[in-house]
Amino acid sequence: MTNTIAWEPVIGIEVHVELSTRSKMFCGCAVDFGAPPNTNVCPVCLGLPGALPVPNRKAIEHILAIGLALNCEVSPRSVFHRKNYFYADLPKNYQISQFDVPVCTGGFLDITVDGETRRIGIERAHMEEDTGKSTHVGQGGRIHAASATLLDFNRSGVPLVEIVSKPEIRSAAEARAYAQELRSLVAELGVSDARLEEGSLRFDANVSVRMAGTDVLGTKVEIKNMNSFRSLERAIEHEVERQITLVAEGEELTQETRHWDEEKGVTHSMRTKEGSSDYRYFTEPDLVPMVIGDSWVAAVRDALPELPARRRARYQGLGLDGRSAAVLSDAPTRLREIFDEAVAVGAGAVAAANWVTGEITGHIRRTGIDAHELTLDGAQLAELVGLVDEGLVSPTAAKEVLEGVLAGEGSPRQVAMTRDLAQMSDPGELAAVVASVLASHPDAVESFRSSGEEKVVGFLVGQVMRVTQGKADPRMVNRLLRESLGG
Amino acid sequence: MTPSTPTIVEAGALLRSGEVTAISLLEGVLEVAHRTEAMLHAYLTIDREGAVEAAVAADTELAAGHDRGPLHGIPVALKDNMCTRGLETTASSQILSGYLPPYDATVVRRLREAGAVIVGKTNLDEFAMGSSTENSAYGATYNPWDIGRVPGGSSGGSAAAVAAGSAITGLGSDTGGSIRQPAALSGIVGLKPTYGTVSRYGLIAFASSLDQIGPLSRTVDDAALTLEAIWGHDPLDATSYPGEYPDLRADMTTGVSGLKVGVVSELAGEGYEPDVEAAVAAMVERLAGEGAAVVEVSLPSFEIALSAYYLIAPAEASANLARFDGIRYGLRVPGDTTESLMARTRAEGFGPEVTRRILLGTYGLSAGYYEAFYGQAQRVRAAIRQDLARVYHDVDVLVSPTSPTVAFEAGARVADPLAMYLSDICTIPSNLAGDPAISVPIGLDGRGLPIGFQVMAPALGERTLFRVAAEVERLAGFTARPEIELVAS
Amino acid sequence: MPVEIDIAHVARLARLDLTQDELAAYQGQLGVILEHAARVQTLEGKPEVESTHTLGLENVYRDDEVTPSLDREEVLAAAPETRDGYFVVPPALES
Ligand SMILES: [Mg+2]
Ligand SMILES: [Zn+2]
């Protein structure tokens with residue numbers, strides 16, 4: 001009975017990351033999306049006769065940063081290869097890429113799904129160049145009869161890093177988490193715009209299924225054209241189901257490339273590029289080997305920013321729970337700076353984090369300003385936290401204090417003064433108020449003395465707060481009441 | 001009536017003494033072209049307008065005392081596989097018919113900066129694939145010494161132009177002998193410099209790891225002057241040598257006394273014409289007579305160099321020529337899909353020899369054959385380097401014939417590719433090694449056809465190479481000129 | 001030793017639309033040339049294949065600086081077919 005067999009997905013992801021260098025990989029043309037078609041082109045990126053490539057040093061530094069962030073080995077000696085296939089958007093009809101000696105090999109990326117962390121192996125990361133863009137258009141509406149392809153080579157030669165995972169991903173959800181983690185990583189490194197909708201990050205998935213527990217690999221199917229995390233997850237879910245249904249019925253899967261159809265929510269077989277299966281790789285004779293010494297690697301390593309995983313760990317070390325550590329870690333850089341400054345001058349981490357991810361983030365959303373435009377700095381946040389801790393301002397009033405600070409009315413202390421939000425905590429002053437409240441509620445006092453009912457105390461505290469318009473320090477009021485009630 | 005075309009050195013003196021002007025030098029070579037092109041077809045394009053402009057500018061500058069150096073005002077012939085902005089560049093292929101490059105090759109830029117006058121673009125075997133300049137979509141070039149014979153190739157157009165005097169000096173490209181072999185067959189000097197010393201930017205690639213631009217000139221002196229104008233580091237070519245360059249002139253009058261000269265035993269015997277071997281042997285004798293220590297050396301890997309070359313060069317070419325697809329420039333043969341458009345354009349646009357080599361290279365790289373062919377050829381290339389490194393411990397230079405034969409008859413080898421390939425047997429090793437080599441004319445055979453003498457040196461050994469070449473030239477005293485009766489075309 | 005050649009497959013890889021006769025002719029010529037070329041297999045030993053560059057150049061890069069691109073009109077002027085600043089080809093073999 002087939003339904004007793006458990007099938008397990010085996011998923012590998014290939015990511016193409018478009019680097020955000022100023023100029024292209026092998027020529028000085030600007031990397032500038034949205035420029036008019038064929039305006040950022042030269043003999044090199046147009047594949048004109050006689051043109052020669054010269055690699056962009058910055059792009060190499062970027063792939064090193066990515067490789068180090070992914071815990072990869074850097075190949076001490078690495079070369080470019082020509083990958084030969086004919087395609088209209090590939091000007092030379094070969095792509096300068098890497099074959100057997102990529103810049104980076106063997107690393108890993110930790111991902112978390114439903115609180116469980118898994119380590120996904122990285123096969124390799126290599127340097128290559130992007131193709132031009134094809135647009136398929138109809139003429140006079142007769143789409144099929146008279147359609148044509150328009151070619152724009154502005155994107156041709158833009159530096160790409162291809163990151164290939166090991167087939168260690170076991171679910172669509174993990175695939176999505178992997179993609180998202182990778183995205184925040186390259187964004188953090190500042191090596192790419194990391195915008196999916198603009199194609200600066202492109203995902204292909206290799207999906208197969210096998211009987212759970214075995215390690216025989218099933219027929220691999222490559223899925224393309226997923227341009228959001230959600231469609232990546234949906235496409236894989238769909239493909240896994242499709243394959244399980246087929247193999248469960250004992251059908252043969254064909255090794256092929258399938259195209260994800262976002263609207264219909266299905267994958268369908270793509271006609272494979274004729275004769276493209278044999279790429280005839282050979283060493284690119286127009287380029288010389290890259291010999292990446294330890295000093296270069298060390299320099300790149302030293303320049304690496306704090307990466308999300310490490311940062312989350314640091315926050316948890318400060319006492320935040322996993323969830324708020326993750327939320328804070330994804331907050332805008334400036335907000336994280338404010339948090340770090342505040343903690344550095346003594347603010348409690350938990351309180352500071354709550355302000356940053358709560359009220360302050362809310363303020364940014366409401367006003368639509370950029371975190372950098374905030375008038376609040378870390379010292380002020382620490383001061384605000386301090387006011388509450390010392391009981392000088394009630395938690396409720398503190399929100400109003402923050403408003404004032406964000407409105408540029410001055411430091412929290414000044415705002416608390418000018419807006420008269422400080423708590424009444426002078427014992428003499430409060431004692432008087434308490435006395436008058438007791439005087440005006442003799443029956444309440446009576447019922448407490450006889451029954452000792454706690455709710456009566458609560459009622460009296462409420463009365464005092466009312467008289468003082470909420471400025472009285474509730475703890476002190478409580479103490480004074482009990483003293484005078486002799487309870 | 002036309003004054004016999006001077007050398008760069010002679011012309012330079014006449015220009016600076018005011019006896020001639022750049023314009024009159026240009027008129028001189030154009031007159032020769034006018035009277036010889038109908039027979040030789042050395043040029044595909046003569047840029048009269050651009051040349052006159054450059055010559056006028058040269059005269060103005062020289063008159064004003066702004067001297068750009070030895071090539072200032074000198075008429076130069078350019079092989080048509082070097083891109084010239086706005087001037088048709090075809091590599092002798094139908095697929096580039098009418099192509100106007102939007103940029104100048106680095107060598108062209110340097111020639112312009114040196115004040116040279118570019119006369120036009122010369123004929124070649126399509127994409128420099130050939131040894132006779134017969135594989136041209138625009139018709140063959142013929143040898144000024146015997147118009148029934150080939151000038152050699154692939155730089156046969158530049159060779160014929162310089163030999164005939166329709167240019168004072170010229171540039172060619174050498175992938176397996178394409179400068180040296182036509183120089184030998186046309187009775188002039190031809191040099192392939194060390195790989196990486198002359199920028200390939202703007203040279204339409206045949207085999208990127210082998211291609212090198214170099215001079216075709218009447219004398220060793222002229223070759224040195226031409227090379228000095230074009231070589232040097234170019235940031236646009238990642239394989240361009242950034243270090244220090246040899247001083248070509250330092251030893252040109254030193255003589256060969258005390259030098260060790262190796263005679264390559266593998267480059268002799270079967271297939272070598274007796275007159276060629278005799279002339280080469282005689283020159284070796286004379287070098288010994290001048291105090292050179294002559295030793296016979298053996299480089300076994302040379303025996304399979306040709307085989308390696310005909311796997312490596314076509315493999316690289318199969319990728320280099322993939323860009324000619326009918327989309328962005330050049331010929332387009334329509335098709336209802338991009339695939340068919342590309343395939344028909346390429347079948348139509350490439351000639352038989354180019355098609356043959358693309359197929360050969362594609363095969364050698366394809367799955368299942370790579371290791372046995374391309375991969376193994378690369379090992380042979382490494383072996384050749386090891387062999388050369390070994391012999392250069394003991395000798396300063398190697399010598400051999402430049403070509404096993406003198407100029408052969410037009411059409412003789414067209415039907416037999418392998419026979420044609422064998423014309424490069426002596427020149428190919430230097431390309432595989434990346435070393436410099438020069439061909440110097442040393443005499444005529446029984447039929448009055450020029451014989452070339454090849455000198456090879458280790459990488460960046462140009463100083464010694466020119467030291468020996470200058471002495472060979474002096475000893476040969478070769479002054480013969482082709483006697484084409486000049487008919488008006 | 002005779003060399004096996006699937007000439008039609010090779011021509012497809014090389015994007016050359018050749019007739020049956022042409023294919024047959026080239027297959028014969030390639031056979032002869034490859035038999036000669038196969039002599040590379042007689043090499044003794046397996047020398048290490050390093051960079052093909054005779055001067056052993058390494059690490060040649062350019063700085064990440066933008067240089068002027070070509071004038072679009074000049075570029076498109078060389079193209080067989082263009083429209084609104086684009087190069088034009090028939091539809092590619094794709095769904
Ligand atoms: Mg890729
Ligand atoms: Zn460019």
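Guide: We'll take confidence, then the metal site, then a sheet.

Visitor: What ipTM and pTM does the predictor give the complex?
Guide: This is a predicted model. The ipTM is 0.97 and the pTM is 0.89.

Visitor: And chain C, what does its pLDDT average?
Guide: Chain C averages 92. A score of at least 70 is reached by 94% of its residues.

Visitor: Now the metal. Which residues coordinate the magnesium ion (ligand 1)?
Guide: His16(A) through NE2, plus Glu128(A) and Glu162(A) through OE. The distances run from 2.1 to 2.4 Å.

Visitor: What spacing do the donors follow along the chain?
Guide: The pattern is H-x111-E-x33-E. His16(A) lies in strand β1 (residues 7-18) of chain A, and Glu162(A) in strand β10 (residues 159-165) of chain A. They are 146 residues apart, so the pair links distant parts of the chain.

Visitor: Is His16(A) buried or exposed?
Guide: Buried, because its relative accessible area of 14% falls under the 20% cut-off. Glu162(A) also counts as buried, at 10%.

Visitor: Switching topic. What is the strand order in the open sheet of four strands?
Guide: β8(A)-β9(A)-β2(C)-β1(C), with antiparallel pairing. Chains A and C both contribute strands.

Visitor: Which strands sit at the edges?
Guide: β8 (133-137) of chain A and β1 (82-83) of chain C. Each pairs on one side only.

Visitor: How many bridges join β1(C) and β2 of chain C?
Guide: Two, in the antiparallel sense, with β2 covering residues 86-89. In one of them, Arg83(C) has Tyr86(C) as its bridge partner.

Note on methods:
Residues numbered from 1 in each chain as written. Chains lettered and ligands numbered in written order. Predicted model: local features only at pLDDT ≥ 70, side-chain atom pairs only at ≥ 80, totals over all residues. Heavy atoms only, no water. Pairing = 2+ DSSP bridges. pLDDT = per-residue confidence, 0-100. Donors = N, O, S within 2.8 Å, 3.2 Å for Na, K, Ca; no water. Buried < 20%, exposed > 50% of the residue type's maximum accessible area, 1.4 Å probe, protein only.
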